[in-house]
Amino acid sequence: HSPPEQPGDKPSETGEVQRKEVCRWPCRCPPVPACTPGVSLVKDGCGCCKVCAKQAGEPCNEADVCDPHKGLYCDYSEDEPRYETGVCAFLVAVGCELNGVYYANGQTFQPNQLYKCLCVSGTIGCTPVFTPRLAGSPCARVPGRKKPGQSICGLGQHKQLQSTNYRLMSAYRSLPLVLKKKCLIQATPWTPCSRTCGIGISSRVTNDNRKCEMKKEKRLCFIQPCLTNMLKKIKIPKGKTCQPTFQLPTAEKLAFSGCSTTQRYKLTFCGVCLDKRCCIPNKSKMITVQFECPNEGFFRWKMMWITSCVCQRICSAPGDIFSQLKLL
């Protein structure tokens, strides 16, 4: 008689193979770790505890998962027939291009001395090498010692400050990535307009400002006017099911928060379809509009000026921040 099968034993095609059991329940989790910049904090493969994801070239198993946000997976091919321990590797995917230079998927590069970047499936994410903390620094100048503004730290202290005093910059990307006054401009996509008709607001996070800091930026958006029975007022070409864009007959002032624009605008709006498709902005530019308020003066807002729309079957609800995600 063969010995009874133990928990964790999994037979393979070449025979009986003992596999180590890496998951145990109930879960007993250590304190949540502090991951180094650029390393994802994820739930382990057992579905129990928060762990720092394994990086490219590091060993992995059922519990120690590879960083999913970098397109990594656990490659068990070298551990045949046990398939117990693998190595984190990048999925085969497209590379990235920055300033005319092509980078392979998974390649780490440094476009300048300030930023370290990673290419993941056509997307570039960057973090600053370090940002010195000036206020309250132990290396601040002391009156009467050396020249004003000259550091009193030794080389070892400087290295320690460089390794600890950094700000992590999220891996946001705008197209194309550009350098502006030693700042690598990055931005998230604009969120969907907060309203399906009338003037709404969309936002993004970007560091396109004087301090190169990630800040939330807002703009006005006007996808469609609030017209009753839109299909009767928009002429759809014969033989077609959609009219991607349309304009109102005359230019009109825009109303927002009880105020109106000082100029009249003939905007381009996204149209409608006879089927279940919806039309969303495809191309746009940014303009600045000035509003005049009764007895309160003027204010200005950035606004999306639609130049073209596309009709598609994927229709997002207003304000859906997960609209860019797709199930594989």
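How do the residues of the lining of the largest cavity divide into nonpolar, polar and charged?

## Basis of the model

This is a predicted model: local features need pLDDT of at least 70, side-chain atom pairs count only at pLDDT 80 or more, and totals for chains, interfaces and linings use all residues. Residues are numbered from 1 along each chain as its sequence is written, and side-chain values use heavy atoms, with hydrogens and water left out.

## The cavity

The lining of the largest cavity has six nonpolar residues, one polar and no charged. Here Ala, Val, Leu, Ile, Met, Phe, Trp, Tyr, Cys and Pro count as nonpolar, Asp, Glu, Lys and Arg as charged, and the others, Gly among them, as polar. The lining residues are Phe222, Leu267, Thr268, Met303, Met304, Trp305 and Ile306. Strand S20 (residues 297-312) gives the most, with four residues. Strands (E, at least two residues) are DSSP runs, numbered from the N terminus.

A search of the whole structure finds one cavity of 30 Å³ or more. The largest cavity holds about 30 Å³ of space. On a 1 Å grid over the protein atoms alone, a cavity is a set of points where a 1.4 Å probe fits but cannot get out; lining residues have an atom within 4 Å of a point. Grid points are joined across faces, edges and corners, and the volume is the space filled by probe spheres set on the points.

## Aromatic pairs

The structure holds seven aromatic pairs. Rings of Phe, Tyr and Trp (its six-membered ring) pair if their centres lie within 6.5 Å; planes over 60 degrees apart count as edge-to-face. Phe222 and Phe269 form an edge-to-face pair, 4.9 Å centre to centre with 75° between the planes. Phe222 lies in strand S14 (residues 215-222) and Phe269 in strand S18 (residues 268-273), so the pair ties together parts that are 47 residues apart in sequence. Both Phe222 and Phe269 are buried, meaning under 20% relative accessible area; exposed is over 50%, and partly exposed lies in between (1.4 Å probe, protein chains only).

Phe256 and Trp301 form another edge-to-face pair, at 5.7 Å centre to centre and 75° between the planes. This pair links distant parts of the chain: Phe256 sits in strand S16 (residues 255-256) and Trp301 in strand S20, 45 residues apart. Phe256 counts as buried because its relative accessibility is 14%. Trp301, at 21%, counts as partly exposed. Phe256, Phe291, Phe299 and Trp301 form one aromatic cluster.

## Nonpolar cores

The largest nonpolar core has 18 residues; Leu220, Phe222, Leu254, Leu267, Val289, Phe291 and Met303 touch the most other members. Such a core is a set of buried Ala, Val, Leu, Ile, Met, Phe, Trp, Tyr and Cys residues joined through side-chain atoms within 4.5 Å. S14, S18 and strand S19 (278-293) each give two or more residues to this core. S19 has the largest share, four residues.

Leaving aside neighbours within four places in sequence, Phe222 is in contact (heavy atoms within 4.5 Å) with Gly198, Ile199, Leu254, Leu267, Phe269, Met303 and Ile306. A second, separate core of 13 residues includes Leu98, Cys119, Ile124 and Cys126.

## Ile201

Ile201 lies in strand S13 (residues 199-206). Its relative accessible area is 29%, so Ile201 is partly exposed. Beyond its neighbours within four places in sequence, Ile201 has contacts including Leu220, Cys221, Phe256 and Trp301. The C-alpha atoms of Ile201 and Cys221 are separated by 5.6 Å, although the two residues are 20 residues apart along the chain.

Definitions and conventions
On a 1 Å grid over the protein atoms alone, a cavity is a set of points where a 1.4 Å probe fits but cannot get out, and a pocket is an open set with protein on both sides within 12 Å along at least five of seven lines; lining residues have an atom within 4 Å of a point. Rings of Phe, Tyr and Trp (its six-membered ring) pair if their centres lie within 6.5 Å; planes under 30 degrees apart count as stacked, over 60 as edge-to-face and the rest as tilted.
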